[in-house]
Amino acid sequence: MEKGTPQQADGREPDRAGTIVLSRRLVSVNSASSVANRLLSVTVLVWLFQYLVNRLPTEEFAIYPVVMAVMVVAPLFFSLFTGGMARFLIDAYARSDFDAVRGVVSSVLPVLIGAVALFWMVGLTFALNVEKVLKIPVGSEVEARAMMALLVLTYGIRMLVSPFTLGFQIRQAYVELNILEIGRELLRISVLTLFFLLAGPAVVWVVVATAISELVLSAVAVWRSRRLVPELTFDRAFASFAVARRLTSFGIWTSLGQLGGIMYTNAATLILNLHGTPMDVTCFFLGATLYRQTEMLIITAIGPLLPVVTALNATGDRVRLATTVLRGGRYALWASMLIATPAIVFSDIFVRLYIGDEYGRAALVIILFMSIFPVNQATALLAMTALATGRVRAFYLPAFIAQAAGLSIMLALASWYGAGAIGMAAALALVTIASQLLYFWWLNLRLIGAGFSAFLASTLVPGLVPAVVGAGVWIGMRFLVTIESWVELFACGAAGAVAFGLAILVFGLEPAARSRLLARAAPATGWMRHDTTDRKTIPDAALR
């Protein structure tokens, strides 16, 4: 057995697709560590948002979401060159084609050097003139310039080293990567606290602390990643214009997807900056941040499945690919609705406790954003499946068209009707739900070769029933309990979460999965014998 790969409980080598290990336990551990890392990041962000909003004028704080909204252009630009890197590297590694791994890195690096040079030139020029393009409060021009310049420089460095940091994804070493990222967050908090204590609260310190922590993480990640996959190296002999062109061609479609993401939420922030008020910007930012962080939590949790899905496609195992995608949608619905359902029920209470009644319109923004999750999370693995199967045009082009339509609606609402944060959120929700129901659900089924009945039985019904059960409890608590504190809010949330979990156990899990879960819980609880499975391992339909 290859050094460093996990064994099964009975000592046998784990299932593989080429050199990629297919292990349910490995995916679960990776996902759990990724979620823990994301929760820490969200906790830091929530604390930071509340701390700054309560200590800075609204106009000054609004600089941060506006500058960050501009920076989303960076992933869009670099996706042209990096959008297909992980997919092609994992595909080559799964086929044990290590020369192809060297070829991808050696071919993309010269392109990245030129791209970063161009990005720095344009980005720094924009940073020096940011107040001429955006509405920056008088007296805050220097801070805005510094924030933009630091963000541009840091992102360029991260992109330069990005080919050398993909060893964690290739070897599925997500636990190691998440430990490093947790270290980054701790360093960020330490630096941020130091600046707040020495110089007082200011949004510029958020960017400074982020830049320092990101650069440290990049340096450590490059070193460790290349230890995991030594083939992640530059060698002129393996550089190929054809490979670079193929990566760029692949990246064009992923860039359209990135552009759709920009129009999804960040363009609305810029529109509100130009046509709305600082209050609109802040209210929209709160709702959009809660939505984005919840979505990122799901993306983070399913991220460890990318090597598995890519390897299953590379080895032609279509049955397990379909099962994995349908099951992934069900799990994503559970995770997202566990957050979205109580967020809808208690949105006004959350806003009042968090930042005050004066931001009350943020509650409706939250409701509109959370209403997207029951529809779009059913196809949570669609983008990953499109990448793995090479059907990127079929996914990213329609996504771009749908988001362009959303952008047009937002511009019309803001410029002609003076719509604020609520109008922007309503437009985004309408476009997303309609595009999912009319196109993306069916594309998902076409890519995996499954029918709607399978989608309904494996994803939609078991994925949404727990939310319905939990909603009943949360709505009941809303009418029965007067909530005046965070403790009372969390207690009500916990009551509904228990009902949500029980509904998953009774209605959501497949019989085999329920038996495995109860069998594993038996030694700790003492209420069930381990012979439920007749002492035999029940194979996972997705990974075994």
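This is a predicted model: local features need pLDDT of at least 70, side-chain atom pairs count only at pLDDT 80 or more; totals for chains, interfaces and linings use all residues.
Residues are numbered from 1 along each chain as its sequence is written, and side-chain values use heavy atoms, without hydrogens and water.

Switch to cartoon. The chain has 24 helices and 2 strands (DSSP runs, numbered from the N terminus: helices are H or I of at least four residues, strands E of at least two).

Next, select L187, I212, V216, V220 and W223, which make a nonpolar surface patch of about 420 Å² (residues with over 30% relative accessible area and no salt bridge, nonpolar side chains being joined within 5 Å). Helix α11 (residues 203-228) gives the most to this patch, with 4 residues. W223, in helix α11, is exposed at 53% relative accessible area (exposed is over 50%, buried under 20%, partly exposed in between).

Stay on helix α11 and select R224 with E176. They form a salt bridge, with the closest N and O atoms 2.6 Å apart (a side-chain nitrogen of Lys or Arg within 4 Å of a carboxyl oxygen of Asp or Glu). E176 lies in helix α10 (residues 174-199), so the pair ties together parts 48 residues apart in sequence.

Now select D280 and R361, another salt bridge at 2.8 Å, N to O. D280 sits in helix α13 (residues 278-302) and R361 in the loop between α16 (347-354) and α17 (362-370). D280 is buried at 8% relative accessible area, whereas R361 is partly exposed at 39%.

Definitions and conventions:
Patches are made of residues with over 30% relative accessible area and no salt bridge: like charges are joined within 9 Å, nonpolar side chains (Val, Leu, Ile, Met, Phe, Trp, Tyr) within 5 Å. Accessible areas come from the Shrake-Rupley method with a 1.4 Å probe; for residues, only the protein chains shown count as cover. Buried means under 20% relative accessible area, exposed over 50%, partly exposed in between (1.4 Å probe, protein chains only).
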